[in-house]
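Hi,

Here is the structure I said I would pass on.

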Amino acid sequence: MKVNIKLVVLSLLLLLFASDSYGRRGSQPVQLKRISDRLFEVLGGRGARGGAYIGDNGVLLIDAKMDSESAEQVIGKVGQITDKPVRYVVNTHSDGDHVVGNRFFADTVTFIAHENCRKEFFHTRRDGSASEWAKPELAPFVPSVTFRDKMVIHLGSKKVELWYFGVGHTTGDIVVYFPEEKTAFLGDQIFIARPQLIHSYKGGNSFEHVKTLAKMLQTIEAEKFCSGHSDMTDRDGISKHIDRMRKLQEKVKALIAEGKSVDAIKTEFESNETRLIETIYNETTKGFR
Ligand SMILES: [Zn+2]
């Protein structure tokens, strides 16, 4: 059979272009998914999933997307359900897909994060380059209000609780909890249907991650948990995630005890788990647990 090389090359190029634009622009326009009359999950756009809460006297957003188009879409969608201004943007942690968009909001917005998250804004990046957040023009968009263990924000008669339960995905991940809705936004502290990401270079730790999530379950009575990258889950979903993580950790530790190398250990797991397995291996052998 004669293959039309030109056609094959063209198809490959089209495929490449399609996957690239998918990755850069995000596949869907921003949408608000209703949890209650006041609380919404923010889906779509470029950057992680977030949240929007309509208080009596203003709006609180959870995370900020990562380009102007997506941030403007969030503002536009919120504007369709309320004429109250965005007063607060809470950053769940310091990863770019949650915080780059801060700069596309009005500089009158108050940006709030955990104190460790604010520190991480200024860390050198994974590739060794300097953080862009030290630029003076970005100063108004760095979290200006921080907390250590717990903070309550009152939006008129409504309250939003910000909790810190410990190190995990990074050192500065928080839980944004809405008591009336019994709903918590966890950012990247929970990945369902894909391996958990742990940023060791930011001080994240998988063994602390499971302790932190267990502490959260003991402390707040949330029944719904929203993730930056997965569909909403329930208490059972969090418990199963903790169990899965512990089993992975036990298996890696057992293989290390048998004297296996990191490469030999990786072959015992799914290929998409390689990064997490390497993290657990390093934590175990370097005594970070
Ligand atoms: Zn993320």
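This is a predicted model: local features need pLDDT of at least 70, side-chain atom pairs count only at pLDDT 80 or more; totals for chains, interfaces and linings use all residues.

Strands first. β4 (residues 59–62) and β5 (residues 86–90) run parallel and are joined over four bridges. If you want a spot to start looking, find I62, which sits opposite V90 of β5. Helix α2 (residues 68–81) belongs with these two strands: β4, α2 and β5 form a β-α-β unit, and its hand is right. β5 also pairs with β6 (residues 110–114), again in the parallel sense, over three bridges. There, V89 faces F111 of β6.

V89 and V90 turn up again in the packing. The largest nonpolar core has 51 residues, and those touching the most other members are L61, V89, V90, V175, V176 and A184. What does V90 contact, leaving aside its neighbours within four places in sequence? The answer is L60, I62, I112, A113, L162 and V176. There's also a second, separate core of eight residues, with V252, I265, L276 and I280 among them.

Now for the helix, α5 (residues 206–219). Its 14 residues reach 20 Å from first C-alpha to last, close to the 20 Å expected at 1.5 Å a residue. Buried residues in α5 are S206, E208, H209, V210, T212, L213 and M216.

Cheers

How values were computed:
Residues are numbered from 1 along each chain as its sequence is written. A nonpolar core is a set of buried Ala, Val, Leu, Ile, Met, Phe, Trp, Tyr and Cys residues joined through C-beta atoms within 7 Å. A residue is buried if 20 or more other C-beta atoms lie within 10 Å of its own, exposed if 12 or fewer, and partly exposed in between; C-beta atoms are placed from the backbone. Two residues are in contact if their C-beta atoms, placed from the backbone, lie within 7 Å. The expected span of a helix is 1.5 Å times one less than its number of residues. Two strands pair if DSSP finds at least two bridges between them. A crossover is right-handed if, with the strands pointing away from the viewer, the path from the first strand over the helix to the second runs clockwise.
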